[in-house]
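Please read it alongside the sequence and coordinates.

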Amino acid sequence: MPETVLADAPEAAGARGGRTALFGGRIPLARLRDLALVPAIVVIAVVGQIVNPVFLQPDNLMNVLQTMSEMALLVLAQTMILIVRKMDLSLESTMGLAPGVAAWLVVPAGAGHGLGLLPGAWAVPVTLAVGALVGVVNALLIIRFGLNGFIVTLGMLIVLRGILTGISGGQTFFQLPPSMLYLGTAEWLGMPASIWVCLTLFAIAIGVLGWTSFGRSLYAIGGNVDAAKAAGIRTDRVLWIVIVTGSVLAALSGLLLSGRLASVASAQGNGYIFTVFAAAVIGGISLNGGKGTMFGAFSGILLLFMIQNVLTLAGVPAQWIGALNGLIILVALSISRITGGKVQD
Amino acid sequence: MTHAEPPVVEATGIVKRFGPTVALDGARITVRPGETHALVGRNGAGKSTLVSVLTGLQAPDEGTVAFGGRPAPRTSDRDGWRQRVACVYQKSTIIPGLTVAENLFLNRHPRGHGRLISWPGTRRRAQELLATWSVAVDPQTPAGELDVEQRQFVEIARALSFGARFIVLDEPTAQLDAAAINRLFGRIRDLQRQGVTFLFISHHLQEVYEICDMVTVFRDARHIVTAPVADLPRTELVAAMTGEAPAARAEDRTRSLGTGARSALSVRGLRGDTYADVSFRVGAGEIVGLAGAAGSGRTEVAETVVGLRAATAGEVQIAGRRPAAGSVPAALAAGAGFVPQDRHHQGLVPDMSIADNATLSVPRRLGRNGLLSHGRRDQLAERMIENLAIKTPGPELPVSALSGGNQQKVVMARALADDPRLLVLINPTAGVDVRSKEFLLGKVEETADTGTGVLVASDELDDLRLCDRVLVMFQGRVTTEMNRGWHDHDLVAAMEGVDLDA
């Protein structure tokens, strides 16, 4: 072991090391960046309370969490995929198609223009299986055949939406079996099950991404795929898992929404993907991969839905909500740029 | 050092083909324990291919590699290779978004409860590892914030932590300034004493003489010679590399135009973030060097001149005109041409063709009304390729397919494309082989002889030797001016801020 310590070891290194850590070096700046949106969320909460005292009532907060739970699962899926430097635009169609196929196979032929081929208990497994299948096809095209992920999933977005329109004849499936309704309607310990599912999955995702080798390999792949390979990470396998898991999560998200609305519309999930991307970027996820945390993504989607809720409580006419939604995204992006202090890429 | 010990690595009869190209043709190398072994050769001699064979990234078509007398592991056994050999590449193999600690233990994080990663453990192990090899870097720093020097030290520490005691350094000094190179060499000697063996790849022959014990020369995919550095004089080494006796380059420029008449560049009272009170002028046909260590402000001043940066005070006049500060187009319009510091970042668009890259700054020479004529572009590019002796099958080849020296020639071609009145060169020969370097510097003299003023910002003595005058910057100020005929040690002392007379 060396006994000599070089006298001319770079001094700059020590000086720089001091700057990146705060609070006696215990909390690195990188961790604080995760909390960048928390002040914004607090501000919106205060503003909301001033606008309408209903805002901070448990019922209203629960309402916000429940309305965002389906979209939040898509954000979770997209965040994983963005971290490994891929994209999946087809998540929003998967979210419609997966429960759509289940409903099509399960809903009796007479009443709800389904086929009635399978008993109601099959609906949930079929939904998740369709999600997995979509993921496998995406992964096959992107990883195995090396096609551009953006265009592949754009194609899938259109194809899957078309299939749903085809099997449903452009109509909405009603009379869903109880198994499909359960997650969207049940309450556990006084809180809707979908909120539990959403929060639990985010907690698991935060843990996996922060504290497991698998999770860290996502960052390594997104940051520098050659270095990840050199470190012995089986990059293709990790990418497969991420893409397929993403699609399964989208299917689950579709299941929650169908259950809550007790129907599967042929346009279910249409247009969601833009909000999903916006929430992820607002939450600090880089579109160039390797950066951002699951907690950040969660605060991104939470911020968006809180602002929407405040606007609704303030009595903004419904016709203007669309324009405002877009504006909110731009404002929220600017807020996170200010609080995060980093150029978004 | 007893030669009875088995060599750290011994490669014999290595043949590697890529399609019709033979990258290695019966090549061999033997590196003995504890030595620092130089591998030199011009671009395309097969050095990189040999490195990827020695590090197990590519299996040779023929031949064998043995470590410490035992055959090398299978290509698929990455861990086996990593315990024997590691390479610090020019291209970074760290992940910028992750901390230094995590980069060190990527995919082998210390685990705590329930097989979850223990972050305190990771930090502690990283701290220990960095302390063991005396690398002064905070393990919590995001790796992207490290400079080149720190990154190399971190990569060396990582390599050692796998158990490898044989480390390949692929042009480690290419992006370092003189002081950092000295620190790197100090580190190499230190590790050498601790039993680490190095294979050192460099274009800079004086570095080979400074740090290495043995040298192996490759040329045209073949092994040419292996000899102790002390037994191989410089001229013979260059001859082995080029296959011919080198014509000594004329040390002095025979002619320099009268510098009194016109100014190509005049800088007055320039002040910026990293420099202050910089005033000088470059006459038409004059070559002026701007020397200084990294952080001395030389690069920043040169970048300010060409508009890559804006000064907070002072003025820049190019050929009598005052371009808007901080505007590259304005500087180009005023008659400047420039070679930026880092061709990979600022110089080239790697996937675009040579023709497109070389003519990027002169669109109006390619056609009227904003429409480009491909014919005219290729014509112009053909002339540049010929003029600068760029080795390529044609102008349509993407620049990323060229060797470093030829890429730099493309950047130079672009700087010269508009017949500039002022040529600004920042580190013009970094990462360029001996031959291309001589050629590029010769071109600079040729350009100056046509009446163009040249400003060379560099800390490379060979770049500065051709200058009529050298201005030395230290900590943001011009401290010394030297006329042609300076001694190396005087210039180096001035760049380091040491007063030899004191």
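Of the 502 residues in chain B, 48% are buried. The model is predicted. Chain B holds 17 helices and 19 strands. Its radius of gyration is 24 Å, close to the 23 Å from the globule rule for 502 residues, so chain B is as compact as a globular protein of that length.

**Overall dimensions and contacts**
- Along the principal axes, the C-alpha atoms of chain B fill a box of roughly 70 × 55 × 50 Å.
- Counting contacts in chain B between residues at least 6 apart in sequence, 66% join residues at least 24 apart.

**The six-stranded sheet**
- Six strands of chain B form an open sheet with mixed pairing, in the order β6-β7-β8-β3-β9-β10.
- Its edge strands are β6 (86–88) and β10 (222–228) of chain B, each of which pairs on one side only.
- Neighbouring strands in this sheet are turned by 20° against each other on average, direction ignored.
- Strand β9 (residues 214–219) of chain B runs antiparallel to β10(B), joined by six bridges, and B:Phe218 stands opposite B:His223 in β10(B).

**Helices packed on that sheet**
- Helix α1 (residues 47–54) of chain B touches β3, β6, β7, β8 and β9 of chain B, and its direction makes about 150° with that of β7(B).
- Helix α5 (residues 148–161) of chain B touches β6 and β7 of chain B, at about 175° to the direction of β6(B).

**Strand β15**
- In a regular strand, side chains alternate between the two faces of the sheet.
- In β15 (residues 336–339) of chain B both faces are covered: B:Ala336 and B:Phe338 are buried on one side, B:Gly337 and B:Val339 on the other.
- β15(B) pairs in the parallel sense with β16 (residues 422–426) of chain B over four bridges, and B:Phe338 stands opposite B:Val424 in β16(B).

Note on methods: Residues numbered from 1 in each chain as written. Chains lettered and ligands numbered in written order. Predicted model: local features only at pLDDT ≥ 70, side-chain atom pairs only at ≥ 80, totals over all residues. Helix = DSSP H or I, 4+ residues; strand = E, 2+ residues; numbered from the N terminus. Rg over C-alpha atoms; globule rule 2.2 N^0.38 Å. Buried ≥ 20, exposed ≤ 12 C-beta atoms within 10 Å, placed from the backbone. Contact = placed C-beta atoms within 7 Å. Pairing = 2+ DSSP bridges. Axes fitted to C-alpha atoms, helices over the stretch in contact; angles between N-to-C directions.
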